[in-house]
Amino acid sequence: MTERVATNAGAWLKPGTVPSGWAWTTLDEIADVRLGRQRSPKNHAGSRMRPYLRAANVTWRGLELSDVKEMNFTEAESETYELRPGDVLVAEASGSASEVGKPGIWRGEIEGCCFQNTLVRVRTQHASPEYLRYFLLLEARSGRIGNASPGVGIHHIGAGRLSEWPVLLPPLNEQRRIVAAIEEHLSRLDAADASLAAASRRLIPLRAHALAANGNGWPTSALRELLREPLRNGHSAKASRDGTVRTLTLTAVTRAQFTDDNTKLTAADSAKVKGLWLEPGDIFIERSNTPGLVGTAALFNGPREWAIFPDLLIRVRVGDAVLPAFLEIILKSRPARTYFQRSAQGIAGSMPKIDQGVVERLEVPVPPLEEQRRIVAEIEERLGAIDALRAAIERAQRRGAALRRSVLERAFRGELVPQDPSDEPAEALLARIRAERDAAKPAGRRKRA
């Protein structure tokens, strides 16, 4: 073991508590560890095109095979890099250290499939592949593999470093019992997660229903007739570490979260940003974004002159006939969202856009102010209840993630299933593996007398 990797070994295990019959080993002692084939332009076409997996095909839940690429492999390369059922694939590199080490297990889903050098293949005949996959999952989830993956911009674990990774090995029969117990526990958590995800999806139509504004025969006006000031586009300025002008990002409006995290410092021209500072009651509409987000609106009720807004936003300031909070409800309602998305235009390859004219022509129901206040209060109450439900679901999901990790930690402390004294100890298995390897080594040449 290298000292760097050894310091990461078994942090979830109490000192001196290796279960009876278990033994520490390294990954290369019980498995063949190999980096995948590198991509190059010359392999983009050829007579032996083969499907291959890359890091993008490995997720925390396993393999995602909806987008599998192809490249050319020679016959010899196919023999080297073709996957077999039971191969464990580990994400070798990522821009985020916390994503390095994600493992998945290959079950022969695609005939002749190979793998790229953003993955490391772990192939074993001496241990349970499922056991190794879950063990590496815990090591990656806990951040230990990421912490051992150096890099600037891109973090790499490398096949050599992963080969030396410490593995706590139980007897082979116990490995199988551990896998069965883990999968039983995780299947229950999967069912709970599915229920929580379904509940979260149901909140979307509830929110849309709460935002639906019923005309009830109220008079309508084009938005331009309700403005206190003409519509205004923002100012385009590049982010700058030395900048002094705080500028909103699109995220602030998309998420309706006006926080420091959703701003950037820019070196904007002070003369050009005059009149672009935010005021309480300003409504901002995204004039350019992806098809599903163009026309998104949010109301700003923060401090005066806290930031300016960028060129991708349109500012709306209304007069006394309509409350800003009521107009925000109208702008977020399904009819207004549909109107903006149908009115957006753009050429192929660019994001669709709406202009000020589209915004000005939006028909807005205008009930009496007292009715507007009642609607705003009622919808805020409904949305508050929905947000409370979402928060409860998110807390439950976080608990589920913690329970998953707890299941794995208990498994590799020997607490998930009982030890069986009749099982062959792991040390005996390791001794047999070493003997087999020694026997397979070619005899050296005899020295000439």
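**Figure 1. Packing of helix α9 with helix α10.** In this predicted model, helix α9 (residues 324-332) packs with helix α10 (residues 334-343) at an angle of about 60 degrees, and their axes lie 4 Å apart. Helix α9 is therefore oblique to α10, the term for angles that are not under 35 degrees (roughly parallel), over 145 (roughly antiparallel) or 65 to 115 (roughly perpendicular). Axes are lines fitted to C-alpha atoms, for helices over the stretch in contact, and angles run from 0 to 180 degrees between N-to-C directions. Helices (H or I, at least four residues) and strands (E, at least two) are DSSP runs, numbered from the N terminus. I330, L331 and K332 of α9 meet R334, A336, R337 and F340 of α10, where contact means heavy atoms within 4.5 Å. This contact comprises 4 nonpolar, no polar and 3 charged residues; Ala, Val, Leu, Ile, Met, Phe, Trp, Tyr, Cys and Pro count as nonpolar, Asp, Glu, Lys and Arg as charged, and the others, Gly among them, as polar.

**Figure 2. Packing of helix α9 with helix α12.** Helix α12 (residues 369-411) packs with α9 at an angle of about 60 degrees, with the axes 9 Å apart. On the α9 side, A325, F326 and I329 meet Q372, I375, V376 and I379 of α12. By class, the residues of this contact are 6 nonpolar, 1 polar and no charged.

Figure 3. An open sheet of 4 strands has the order β15-β20-β18-β19, with antiparallel pairing; two strands pair if DSSP finds at least two bridges between them. Strands β15 (232-233) and β19 (297-299) stand at the edges with a single partner strand each, so one side of each has no neighbour in the sheet. Helix α9 packs on the sheet and touches β18, β19 and β20 (313-316), its direction making about 160 degrees with that of β19. Strand β18 (residues 283-286) runs antiparallel to β19 and is joined to it by 3 bridges. Within this pair, I285 stands opposite A297 of β19.

**Figure 4. Confidence of the model.** The protein has an average pLDDT of 88, and 92% of the residues score at least 70; pLDDT is the predictor's confidence in each residue, from 0 to 100. Residues 1-8 have a pLDDT below 50, and this stretch has 20 contacts in the model beyond near neighbours in sequence. Residues 445-449 stay under 50 and have 0 contacts beyond four places in sequence.

**Notes.** Residues are numbered from 1 along each chain as its sequence is written, and side-chain values use heavy atoms, leaving out hydrogens and water. Local features need pLDDT of at least 70 and side-chain atom pairs count only at pLDDT 80 or more, whereas totals for chains, interfaces and linings use all residues.
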